[in-house]
Amino acid sequence: LLSAPAAQILNETHLNALELLRNGGFEEPIIDELSQEFQLDQQIIPGWEFTHRSVRLVNHTRLLAGEGFQSLLLPCSATESSAIRQEFPLGVGGPVHLSLKLAASKAMDGEIEVFLDDVMVKAIRISEFWKPEEIALTDQMKWRFVDLPDIQLAPGEHALGIRVREFQPR
């Protein structure tokens with residue numbers, strides 16, 4: 001699950017938050033159900049494109065996922081990865097700070113890969129979300145904040161991508 005990717009632009013000595021991503025917290029479309037599946041031909045999550053046959057928007061009003069109340073589930077298997085991507089304009093160049101809130105299930109292992117302008121900037125091993133003593137618990141999601149190193153970007157068009165791929169079922 002991915003909740004509220006945040007992008008900020010850093011100015012000289014202070015931090016100015018600048019919303020670079022459209023619908024960065026998956027707040028649109030608002031769903032009333034606990035979750036809703038969208039097929040590949042239903043690219044209706046504003047700002048985002050996805051590449052798998054489906055994604056699932058999850059409403060966490062009862063679970064309180066984080067800043068936002070919705071997140072996006074990117075399904076994957078040993079033979080298929082799943083990805084989302086968003087292009088965004090940057091009027092003034094400078095260092096950009098990205099932080100993501102991710103969740104992963106211990107029922108599978110793989111990687112969550114973060115790309116900026118089609119270059120991988122971070123790979124997070126899903127098994128690293130869990131402590132050994134937590135492995136015996138029933139399956140659940142574990143949320144984790146991930147801050148990426150500041151990245152220098154020139155003015156112009158850029159793209160953020162996130163891909164989930166499974167190594168093998170446990």
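Hi everyone. A nonpolar core, as I use the term, is a set of buried Ala, Val, Leu, Ile, Met, Phe, Trp, Tyr and Cys residues joined through side-chain atoms within 4.5 Å. Buried here means under 20% relative accessible area, with a 1.4 Å probe and protein chains only.

Before the tour, some housekeeping. This is a predicted model, where local features need pLDDT of at least 70 and side-chain atom pairs count only at pLDDT 80 or more, while totals for chains, interfaces and linings use all residues. Residues are numbered from 1 along each chain as its sequence is written, and side-chain values use heavy atoms, leaving out hydrogens and water.

So what do we have? The chain has 13 strands and 0 helices; strands are DSSP runs of E with at least two residues, helices runs of H or I with at least four, numbered from the N terminus. Of its 170 residues, 45% are buried.

Now the core. The largest one holds 33 residues, and Leu72 and Ile84 have the most contacts inside it. Strands supplying at least two residues each include β7 (82-90), β8 (94-105) and β13 (156-169). The top contributor is β8, with 5 residues.

Let me finish with His158, which sits in strand β13. Is His158 buried or exposed? It is buried, at a relative accessible area of 9%. Its side chain makes a polar contact of 2.7 Å with the side chain of Asp117, meaning a pair of N or O atoms within 3.5 Å, one able to donate a hydrogen and the other to accept it, with sequence-adjacent residues counting only if both atoms are side-chain atoms. The His158 side chain also reaches the backbone oxygen of Ala154 at 2.6 Å. Thanks, everyone!

How values were computed:
Buried < 20%, exposed > 50% of the residue type's maximum accessible area, 1.4 Å probe, protein only.
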